[in-house]
Amino acid sequence: MMNADHRESRRQFVGDMTRAVGVLAVGAVAGGVAGRSAIGQEMRWQIDPDRCVGCSRCATECVLDESAVKCVQCFDMCGYCDICTGYLDPNYTAVDTAAENQLCPTAAIERRFVEEKAGQKFYEYTIDPEACIGCGKCVKGCALMNGSLYLQVMQDKCVNCNECAISRACPTEAFLQVPAERPYLLKRQAQELLTNRPTPTNQSKALLHQVTLR
Ligand code: SF4
Ligand code: SF4
Ligand code: SF4
């Protein structure tokens, strides 16, 4: 696991503070029948990333042909590992981008060299949301290290079913409803990193407006 100083170094290199704090490829909120809370507040389905175990049902149980659930990367938590357990198949034969060495079945994770320091190489891993099917394989793999990859319901794709089919199938009851105006959830660790940032940027403030804080 990478310590905070090293993460900060990578983050400075990456530079994009919106991406650095994690989520979100947020599009317009899709149509569909919005759920309402007891006090009439419009609600949306979302995954508590701290409860998800990447069981793969998000890929298969959604009522849509292409699941509304996608993986996101929290760059603040990522170790930028060379041997990334979220990227590499456990039976990899080489640390490269060959399809047979990738864990992701759709090659939705882009691996990009960042820098080499003290003989150690660092890579950035970015999810292509169009290619991601929400299978959670990388989430399970990354959980062995820093746990920076996690699943979220993309609100520009979800039709907000009255009863989410995935929520019924989820073995860890990770699905919950959150206010529609803040329809995403950060991992608790990511939330702490973001809210404790001494000098919040406009981008990090904008991101905080999209998430329900816990
Ligand atoms: S069904 Fe639940 S545990 Fe399985 S991948 Fe989806 S949110 Fe995670
Ligand atoms: S959730 Fe599945 S499809 Fe999406 S990036 Fe991870 S391994 Fe690939
Ligand atoms: S609410 Fe419906 S569309 Fe949205 S993730 Fe659940 S099953 Fe898929």
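Modeller: We will go from the overall picture to the ligands, the sheets and a few single residues.

Biologist: Fine. What kind of model is this, and what is the mean pLDDT of the protein?
Modeller: This is a predicted model. The mean pLDDT is 87, and 84% of the residues reach 70 or more.

Biologist: Where does pLDDT stay under 50?
Modeller: Residues 1-5 stay under 50, and the model has seven contacts for them beyond four places in sequence. Residues 25-34 are also below 50, with 25 contacts in the model beyond near neighbours in sequence. Where pLDDT is low, the predicted coordinates should not be read in detail.

Biologist: OK. How many helices and strands are there?
Modeller: The protein has seven helices and seven strands. Along the sequence they follow the pattern α-α-β-β-α-β-β-β-α-β-α-β-α-α.

Biologist: And what share of the residues is buried?
Modeller: Of the 214 residues, 39% count as buried. As for contacts with a separation of 6 or more, 78% of them join residues 24 or more positions apart.

Biologist: Let's do the ligands. Which residues are closest to ligand 1?
Modeller: Cys52, Cys55, Arg57, Cys58 and Cys170 are the closest, out of 15 residues that surround ligand 1. Helix H3 (57-60) and helix H5 (165-169) each supply at least two residues of that shell. By class, the shell has 11 nonpolar, three polar and one charged residues.

Biologist: Which ones are closest to ligand 2?
Modeller: Ligand 2 has 14 residues around it, and the closest are Cys71, Cys104, Cys132, Cys135 and Cys138. The shell divides into 10 nonpolar, three polar and one charged.

Biologist: And how many residues surround ligand 3?
Modeller: The number is 14, with Cys62, Ala68, Cys158, Cys161 and Cys164 as the closest. The shell around ligand 3 has 13 nonpolar residues, one polar residue and no charged ones.

Biologist: Switching to strands. In what order do the three strands of the open sheet come?
Modeller: The order is E1-E2-E7, and the pairing is antiparallel. Strand E1 (35-36) and strand E7 (175-179) are the edge strands, each pairing on one side only.

Biologist: How many bridges are there between E2 and E7?
Modeller: Strand E2, residues 42-47, pairs with E7 over five bridges. As background, strands of a sheet pair through backbone hydrogen bonds, either parallel or antiparallel.

Biologist: Which way does E3 run against E6?
Modeller: The two run antiparallel and are joined by five bridges. Cys71 stands opposite Leu151 in E6.

Biologist: Now the largest nonpolar core. Which members touch the most others?
Modeller: Ile47, Val69, Cys71, Cys138, Val139 and Leu151 do, in a core of 52 residues. Elements that give two or more residues to this core include E2, strand E3 (69-73), helix H4 (137-142) and helix H6 (188-195). The largest share, four residues, comes from E6.

Biologist: What does Ile47 touch?
Modeller: Leaving out residues up to four places away in sequence, Ile47 touches Cys52, Val69, Leu151, Gln152, Val153, Ala174, Phe175 and Leu185.

Biologist: Last topic, E4. Is Phe113 buried or exposed, and why?
Modeller: Phe113 counts as exposed because it has 11 C-beta neighbours inside 10 Å, and the cut-off for exposed is 12 or fewer. Phe113 is found in strand E4, residues 109-117. Beyond four places in sequence, Phe113 is in contact with Lys121 and Tyr123. Phe113 and Tyr125 are 12 residues apart in sequence and 9.1 Å apart in space, C-alpha to C-alpha.

Biologist: And why is Val114 only partly exposed?
Modeller: Val114 has 14 other C-beta atoms within 10 Å, so it counts as partly exposed. Val114 is in strand E4 as well.

Technical notes:
Residues numbered from 1 in each chain as written. Chains lettered and ligands numbered in written order. Predicted model: local features only at pLDDT ≥ 70, side-chain atom pairs only at ≥ 80, totals over all residues. Near = placed C-beta within 6 Å. Nonpolar A, V, L, I, M, F, W, Y, C, P; charged D, E, K, R; others polar. Pairing = 2+ DSSP bridges. Core = buried A, V, L, I, M, F, W, Y, C linked by C-beta atoms within 7 Å. Buried ≥ 20, exposed ≤ 12 C-beta atoms within 10 Å, placed from the backbone. Contact = placed C-beta atoms within 7 Å. pLDDT = per-residue confidence, 0-100.
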